[in-house]
Protein chains: 2
Amino acid sequence: MEVRAEPRAVSGFRLAGVAAGLKNDPNRKDLGLIVADAPAAAAGIFTTNQVKAAPVILAQQRLRSGRLRAVAANSGSANCFTGKAGMKLALDSCAAVAAEAGCAPELVAPSSTGVIGHLYDLEKYRAGVREAYSALAAGGLGEFATAIMTTDTTPKVASTVIRIGGRPVTIAGTAKGAGMIAPNMATMLAFILTDAALPVVALRRALAKAAPLSFNAITVDGDMSTNDTLMLLASGAAFNGKPSGREIGIFEEAVGAVAHSLARQLVYDGEGATKFVNVEVRGARTSSDAARIARQIANSPLVKTAFFGRDPNVGRITAAAGACGVRFDPDRIELWVDKIRIAARGMILTGALPAAGQAMRQREFSVRLDLKQGSARFSMMTCDLSYDYVKINAEYTT
Amino acid sequence: MEVRAEPRAVSGFRLAGVAAGLKNDPNRKDLGLIVADAPAAAAGIFTTNQVKAAPVILAQQRLRSGRLRAVAANSGSANCFTGKAGMKLALDSCAAVAAEAGCAPELVAPSSTGVIGHLYDLEKYRAGVREAYSALAAGGLGEFATAIMTTDTTPKVASTVIRIGGRPVTIAGTAKGAGMIAPNMATMLAFILTDAALPVVALRRALAKAAPLSFNAITVDGDMSTNDTLMLLASGAAFNGKPSGREIGIFEEAVGAVAHSLARQLVYDGEGATKFVNVEVRGARTSSDAARIARQIANSPLVKTAFFGRDPNVGRITAAAGACGVRFDPDRIELWVDKIRIAARGMILTGALPAAGQAMRQREFSVRLDLKQGSARFSMMTCDLSYDYVKINAEYTT
């Protein structure tokens, strides 16, 4: 199935994004609304951080019913580490949206991202909600995507169309996040919408299958956020009838593909990133072994600075691989940059290094480690560690 | 007991450090010898990395006997990921030292640090051994310390004197390492010498107690090396007689204090470091909980860039604390920079932030997180993440 990095209207939903003045720069959009024509089936996955933002706690509670009418997302403030005042702010924010939509506040889920420990201005927020509500449009995904950006340099959207019961079903989503990106989940908000008519249990299963291979398979800096949120909402407006098991499979694959595209866009736009690197570990005994090694390599500052320096540094990659506790025989492994083998039989293939260094001049390349002990594999998407990552995170409170 | 960051002669040992031409710069020292007048009791702790350098594998084997006559350490090449040729090189290197010392090669332990995947020149090494052997001196610890440096900017030494059985006993050591520094152990070589007369089992116990609170309590970049080595050699030349239980305790404390001083010097000289930060977690249920949280904070790139930016970033520190799986109540924790409390009752104490930012202008400061749920604690020593860390690791193959 073809997933495009572009927005698409999803019947049953209208969206908007406006500048409510929650960010320091009053011209930047910072408040996004997703409103369903009628209560939509909804599922979510949230940060496992012990320090959870108020909107995360509230959204998690509200998603237990499996139904949402609206999502109210803001940037400029994560509303995290804000005590009781933060929870009151999240409740009041949802109430403002519910008043516009004419629904119970329990059907509105909040979502916030930005500086931790900072309360946004409720009056500005309320005015923003009124403005956003009147701007809601079927084609508003791009505006919404812009409103949830923080240090992101570009909005991220992805969409695809499949068929269920002979009818076209659209899946479209957006995500934000450029730093504090790590397994599991990231400083990341992601919202995927579909017009499929599906029970909430099918949505929960689709998310549970999609997350490990998309948002949980990326890293920018190994830091886990307090606000990670991934939601999937289904309006049912496609009137597709009861799907077959095969069609459920296609739906899950489509959600996974949209999630993967969004996750990939997050890493591409990682803070200060100049390289996108797919780190694949194969030939492992189990996929969890492969994942542990891939994560260790993808998170290593020494490996990531070598990526920035276009240095095919076998030592750093194999040292990272060896550090995570998974057993393997260093004399059997093979290491590749794109199609160029740079290590085998416990030795660096020094003749291959110049070509590998050349391949690393590209914006995107792959590093593949074959453990030669089984058939399991796992891929992590990561970026390099550049001067600009330090600059972005040392010079500003983000 | 007073530990000084200065070398001291240890009876029964002679040391030297010379420039053998193993580094790119022929004027830099790169080969160090420790030679005991007679076989010394010896213990060691080594990297747990799956990818172990040949000298690590060989030294580990040879230390099983609990006796060593000499340690041959070189910088310029880690002799890791070098296949069978690497093991042959390590064996031949030890043989060269054994020939000079007139002892069995099994009594010589090798130790290498530097670029991975690179074999050093055996002929240059042999010539260097001859030169170093003739330069051996009781006061040679400083020369040895210089010979094992890689990206270190200063040699690291520490020493103290205690009394056992009424006789003075000296403990003196050196360490190297500035990057690839992480729990557990680091790209780190450390050698501690004593003239105490103690059985090898006492040395092993002293090392096992010292490592968790010194070399395993530091981080520069969270990367674990292939060559980590910590050795403790005892010549017995102090002729102290059989120590009491209390004296063994004092000895262990002294080894711990020397190890701690060396570990602290490593972090001070961390690659690109402009700040030394003591991250203390207290009020935890168990010290292992405290250690997990302290490590997560001390390793977080977002926290470390905030240190570089002198930003008392409560959000990043608490988010890191919450990410490691240890349960705590965010509304009860308190966070301090030096003596300044910056968070309590689930809120940032914004009025205190300017003073905290001021405290962070110092070369060294502390961050203390009190979980308020018990009495266990753990401290990690870490540094900031600066432009120069990226520069050092992106522009050169290290």
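1. Let's begin inside chain B: B:N79 counts as buried because it has 31 C-beta neighbours inside 10 Å. Buried here means that 20 or more other C-beta atoms lie within 10 Å of a residue's own, exposed means 12 or fewer, and partly exposed is in between, with C-beta atoms placed from the backbone. B:N79 sits in the loop between β3 (67-74) and α2 (83-101) of chain B. Its phi is positive, about 45°, although B:N79 is not a glycine.

2. A word on the model and its labels. This is a predicted model, in which local features need pLDDT of at least 70 and side-chain atom pairs count only at pLDDT 80 or more, while totals for chains, interfaces and linings use all residues. Residues are numbered from 1 along each chain as its sequence is written, and chains are lettered from A and ligands numbered from 1 in the order in which they are written.

3. Now to B:R345, which counts as exposed because it has 12 C-beta neighbours inside 10 Å. B:R345 lies in the loop between β12 (340-344) and β13 (347-348) of chain B, and has a positive phi of about 50° without being a glycine. Most residues other than glycine have a negative phi.

4. Finally, the interface: 51 residues of chain A are in contact (C-beta atoms, placed from the backbone, within 7 Å) with 51 residues of chain B. On the chain A side, α8 (301-308), α9 (314-322), β13 (347-348) and α11 (387-395) each supply at least two residues. The largest share comes from α9(A), with seven residues. Helices (H or I, at least four residues) and strands (E, at least two) are DSSP runs, numbered from the N terminus.

Terms used:
Two residues are in contact if their C-beta atoms, placed from the backbone, lie within 7 Å.
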